[in-house]
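Please examine the sequence and the structure shown here before reading on.

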Protein chains: 2
Amino acid sequence: MNEPATVRGPYRNGIERRAEIIAKASEVFGTYGYVAGSLRQIATEVGITPAAITRHFDSKEDLLAEVIRAWTTKSSQALGPSATGLTHFERLIKLMEFNHAHRGFLELFLTLSTEASNPDHPARRFITERYEQTLTNFMSNLGLAVRSGAAKAMTPSEIEAESREVIAMMDGLEIQWLLNPEVDLLGLFASYIRRTLERWRAPALRSTP
Amino acid sequence: MNEPATVRGPYRNGIERRAEIIAKASEVFGTYGYVAGSLRQIATEVGITPAAITRHFDSKEDLLAEVIRAWTTKSSQALGPSATGLTHFERLIKLMEFNHAHRGFLELFLTLSTEASNPDHPARRFITERYEQTLTNFMSNLGLAVRSGAAKAMTPSEIEAESREVIAMMDGLEIQWLLNPEVDLLGLFASYIRRTLERWRAPALRSTP
């Protein structure tokens with residue numbers, strides 16, 4: 001132990017404790033759902049009191065937001081620089097590899113997505129906003145590809161439909177893999193996205209006629 | 001009230017009570033999930049004691065099985081005679097119309113599907129078996145279409161991949177619709193399934209070259 005570490009101890013511990021709570025919350029919410037997963041249980045698993053959690057997070061919803069934020073940051077780091085146009089969709093194969101390596105997050109996110117189908121669910125706004133964000137992102141990248149001539153002509157409503165299909169396929173294949181780890185999630189998704197990109201590409205740019 | 005009705009009263013009431021418990025269980029499980037949705041709450045909403053539920057159902061899992069069975073029967077009746085080969089997949093548009101008209105069941109089924117991603121979930125076997133059943137059914141119909149020459153040649157693993165994609169697309173689009181009722185679930189799915197059938201069809205039978 002050197003001097004600076006000792007001096008920065010309490011602060012460092014606060015950050016570590018916070019990270020530990022986020023990690024346990026991710027596990028507990030992913031296993032029991034957000035409604036049934038309690039702060040009490042998260043606290044018990046970390047070895048602190050529920051009141052101690054509220055020193056780090058304003059509310060349960062705030063903790064959930066931090067859990068999702070931590071995973072989003074982690075996946076962005078793992079994926080490297082973001083890509084635009086059709087390359088954005090090729091990059092989803094890498095995102096799926098990240099998801100595949102982080103089963104707990106997928107469990108959490110999909111459990112929340114279906115739980116929040118209940119309009120009174122406390123995280124419903126959070127989840128619907130996240131879906132809207134992903135959709136907007138996909139649509140703007142596909143729209144860019146259409147305008148640049150990399151993709152065939154599509155109407156705005158076709159762009160929305162295509163983007164929704166990609167999101168649906170990701171969620172749906174992930175559910176099957178969570179229920180049966182023998183499902184070849186990565187192979188299935190890569191083959192789907194490559195076929196989709198081929199279909200989207202401007203006819204002159206297609207690899208097959 | 002005529003004589004027979006009076007005579008059959010207690011029996012008829014038993015059947016009605018049972019149906020009422022199944023309907024409430026479907027709502028409660030769909031809203032809170034299967035783990036958090038309690039027999040106590042179902043009983044309260046029906047206006048009976050939890051013990052009274054156990055006179056009709058052996059266990060919570062038995063009740064869940066009956067809920068799913070009731071819906072499966074109802075959807076089969078709504079869809080009419082089953083279809084084989086590629087027609088099976090065209091008929092999924094009608095199944096989606098049924099699902100769309102029965103939001104509560106979709107909520108229940110999708111909530112369960114993600115909740116059961118936890119290997120210790122009490123309904124995991126039930127849910128994984130249901131997915132396997134659907135997959136087997138899809139694969140055998142697509143296989144039939146390939147063998148009869150209605151669909152292009154596919155290897156068994158291609159048949160499995162294609163079947164898994166259709167299941168994934170149904171689940172994924174349903175999740176988006178549950179989170180946002182403005183999503184055009186029926187239009188999106190019909191356009192996906194028609195495009196997929198066109199891609200599957202034997203080249204000589206395709207409507208477009």
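The sections below cover the basis of the model, the domains of chain A and the interface with chain B.

## Basis of the model

This is a predicted model, in which local features need pLDDT of at least 70 and side-chain atom pairs count only at pLDDT 80 or more, while totals for chains, interfaces and linings use all residues. Residues are numbered from 1 along each chain as its sequence is written, chains are lettered from A and ligands numbered from 1 in the order in which they are written, and side-chain values use heavy atoms, with hydrogens and water left out.

## Domains of chain A

Chain A is divided into domain 1 (1–58) and domain 2 (81–205), with bounds that come from an automatic or database domain assignment. Eight residues from domain 1 of chain A and eight residues from domain 2 of chain A make up the contact, which means heavy atoms within 4.5 Å. Taken over C-alpha atoms, the centres of the two domains are 31 Å apart.

Between them, domain 1 and domain 2 of chain A bury about 590 Å², with 66% of this area on carbon and sulfur atoms. Buried area is the accessible area (1.4 Å probe) that two parts lose on being put together, summed over both. The side of domain 1 that touches domain 2 has four nonpolar, four polar and no charged residues. In this classification, Ala, Val, Leu, Ile, Met, Phe, Trp, Tyr, Cys and Pro are nonpolar, Asp, Glu, Lys and Arg are charged, and the others, Gly among them, are polar.

## A UniProt annotation

In an unreviewed entry, UniProt places the feature "domain: HTH tetR-type" at residues 15–75 of chain A; such annotations may be inferred rather than shown by experiment. In the model, this span is 87% helix and 0% strand, and its end C-alpha atoms lie 20 Å apart. Helices (H or I, at least four residues) and strands (E, at least two) are DSSP runs, numbered from the N terminus.

## Interface of chains A and B

Contact between the chains involves 39 residues of chain A and 39 residues of chain B. The two chains bury about 3,300 Å² between them, 60% of it on carbon and sulfur atoms.

Two salt bridges are counted between chain A and chain B, each requiring a side-chain nitrogen of Lys or Arg within 4 Å of a carboxyl oxygen of Asp or Glu. Arg195(A) forms a salt bridge with Glu165(B), and their closest N and O atoms are 2.7 Å apart. Elements giving two or more residues to the chain A side include α2 (9–36) and α11 (185–200), while α10(A) provides the largest share, 14 residues.
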